[in-house]
Amino acid sequence: MIAIPIREILRVFGFSGPVFVYSGAMDPLYLGIDTGGTKTEVNLITHSQDSDFSTYRILDKRRIPTERRSGLDGFLRELKNLTLEILTSAGVSMKNLQGMGIGLPGSIHPGQQRMVQGRIPFFKGIDLNQVFRTSLEFSGPLVFENDANCFALAEAYFGLYRDWE
């Protein structure tokens, strides 16, 4: 199943404003955040399940350069603005999210949820769970992982060779 948001169709005809409004009240929503050394991307994802298969769809995604010069506070401010922009465009809020996954460019200690080593110095050693939860005002499930591991998992589950053994 391929889903093309109406905004993509409208862009082909020259319209560039946000037009997508989420209407799948029964499908859970998730936010996926991919922060790398140069860009940060936020994806609004829905998951539907029927008796035969499970479907994940990216409803919307936005990308900005990773703000490193302004430190942690500047980065979090930009991330919150981008997150609110994507949620507002879809007509939902943080309360509608079932969970959030965040990929970061570094080694994450699984028990402590702290970056042990990484490409963005201001992430090292901080309590990622507390910092992101507070900054984004999110109280649901929150998972952190190395961005390359996230890429490998996404490719294995959803990529071209997902059905190969």
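**Exercise 1.** Find the volume of the largest cavity of this predicted model, and state which residues line it.

*Solution.* The largest cavity has a volume of about 40 Å³, where volume is the space filled by probe spheres set on grid points joined across faces, edges and corners. A cavity is a set of points, on a 1 Å grid over the protein atoms alone, where a 1.4 Å probe fits but cannot get out, and lining residues have an atom within 4 Å of a point. Next, the lining consists of Thr-40, Ile-64, Pro-65, Thr-66, Glu-67, Phe-75, Glu-78 and Leu-79. Finally, helix 2 (71-90) gives the most to this lining, with three residues, and helices (H or I, at least four residues) and strands (E, at least two) are DSSP runs numbered from the N terminus.

The model is predicted, so to speak of local features requires pLDDT of at least 70, side-chain atom pairs count only at pLDDT 80 or more, and totals for chains, interfaces and linings use all residues. Residues are numbered from 1 along each chain as its sequence is written, and side-chain values use heavy atoms, with hydrogens and water left out.

**Exercise 2.** Determine the strand order of the open sheet, and identify its edge strands.

*Solution.* The five strands follow the order 3-2-1-4-7 with mixed pairing, two strands being paired if DSSP finds at least two bridges between them. The edges are strand 3 (54-65) and strand 7 (142-146), each of which pairs on one side only. Within the sheet, strand 1 (residues 29-35) and strand 2 (residues 39-49) run antiparallel and are joined by seven bridges, and Thr-35 stands opposite Thr-40 in strand 2.

Conventions
On a 1 Å grid over the protein atoms alone, a cavity is a set of points where a 1.4 Å probe fits but cannot get out, and a pocket is an open set with protein on both sides within 12 Å along at least five of seven lines; lining residues have an atom within 4 Å of a point.
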